[in-house]
Amino acid sequence: MKILVVGGGGREHAIIRALKKSPRCTEIWCAPGNGGISYDAHCKAIAATDVDAMVAFAKEEAFDYVVVAQDDPLALGMVDALAAVGIPAFGPDKAAARIEASKVFSKNLMQKYDIPTADYAVFDDPAKVIAYVEEKNKYPVVIKADGLALGKGVLICQNHDDVVEAVKEIMLDKKFGASGNHVVVEEFLTGPEVSVLSFCDGKTVKPMVSSMDHKRALDGDQGLNTGGMGTVAPNPYYTKEVADRCMQEIFLPTVAAMEKEGCPFKGCLYFGLMLTPDGPKVIEYNCRFGDPETQVVLPLLESDLLTVMEATTHGTLAETEVKFRDGAAACVILASGGYPLAYEKGKEISGLTEGQLPDCADVTVYHAGTALKDGKLVTNGGRVLGVTATADTLPQALDKAYAASENIHFEKLHKRSDIGARALAAMQ
């Protein structure tokens, strides 16, 4: 099969490396891809959000299957557009992608079908947001832009001034564009966070191994929120008892709710969960693989990813095995100094041969923000590389990932030194 993966980051690289293991995958492309991905796939410089150009390219090249890995093209209806020209794809259609593309849609869905989540209210008037929070007088409080905002449209407000600033940023200054036309005001939940990616075919849901993301830029969960500075899998807080409860109270009801609403979900449904004192609750849904969760989940997958993906498209997931190996995986992100704010690009990366570490067993380097310039690999983003190691235990996986990361160098490289520390503490 000739396959196209839409996107160009670490998540897409992890998907490509997993798809390449399938005996049926004969040729693989990525658009737009990046420098490091080009060692594993043919890259084509088409923006992931350019639906017309991507569909025209897919048709011209006669791809057998397309994996739409990024949220924006899913929200824009790329899967629908591919289906219209007879090309099967992995991912939800535009109607189902609203589960991530609209916070208002997802919160209302949870309320309607009694899926546990934080209490909330929806507003399109800035003054009413401030009045509502003043009346509640309960801090911290969470304010979320309704639409997609590159994972940055969620603000935790500690006091009245923070609320005023958040409303100004999202609704008045339109920092996230039309995504800020409506906001969701939510109660602040506490407890360990868990990410659970799951395969869905509209009726059946098969969860993948759980993971734990590390969003803050600095050690000790300090600093600004980022797209994720590292991940570990499985998440020790996600016990079998918790998993069983999530299946009954959250996963199955969500998939059933989407079907009842006339927009069955097919693809990867990401459950962002908080294990509160009152039980597991949904913080957010994503309509695609998480980044960098994918970089620790897929290396543990034993089943053929292509077969599983096709089962979600064709509605045969119930009869398809989804198996993960025992053991653990850890991913350490190597970022550009200054990320998530201003940072420089074009720094030469040393220590890699054709994008990988040649002498590190069970270690894969996933490329998030790299480019090839005059035949040399250089930095081209905030998150540059994800160094992932697998092992029998989490401490071993973390040791391997950190040891391997010491062999990679570029100017102003920044990484956290405590990825997995919370998970290790939970295992004590």
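Predicted model: local features only at pLDDT ≥ 70, side-chain atom pairs only at ≥ 80, totals over all residues.

Val66 belongs to strand E4, which spans residues 65-68, and because its relative accessible area is 1%, under the 20% cut-off, Val66 counts as buried. Glu169 lies 103 residues away from Val66 along the chain, and the C-alpha atoms of the two are separated by 37 Å.

In soluble globular proteins, nonpolar side chains tend to be buried together. The largest nonpolar core here holds 68 residues, of which Ile15, Leu19, Val67, Phe289, Leu305, Met309 and Ile408 touch the most other members. Strand E18, residues 328-336, supplies the largest share of this core, with 8 residues. Apart from this core lies another one, of 49 residues, and Val66 is among its members, as are Phe57, Phe105 and Leu109.

Returning to the largest core, one of its members, Ile408, touches Leu334, Ile349, Ser350, Leu352, Leu357, Val365, Leu385, Val387 and Leu413, again leaving out residues up to four places away in sequence.

Two packed helices are described by the angle between their axes and the distance between the axes. For helix H1 (residues 10-19) and helix H11 (residues 305-314), the axes come within 8 Å and cross at roughly 110 degrees, which means that H1 is roughly perpendicular to H11. Ile15, Ala18 and Leu19 of H1 make this contact with Leu305, Leu306 and Met309 of H11, so that by class the contact has 6 nonpolar, no polar and no charged residues.

How values were computed
Residues numbered from 1 in each chain as written. Heavy atoms only, no water. Axes fitted to C-alpha atoms, helices over the stretch in contact; angles between N-to-C directions. Helix = DSSP H or I, 4+ residues; strand = E, 2+ residues; numbered from the N terminus. Parallel < 35°, antiparallel > 145°, perpendicular 65-115°, else oblique. Contact = heavy atoms within 4.5 Å. Core = buried A, V, L, I, M, F, W, Y, C linked by side-chain atoms within 4.5 Å. Buried < 20%, exposed > 50% of the residue type's maximum accessible area, 1.4 Å probe, protein only.
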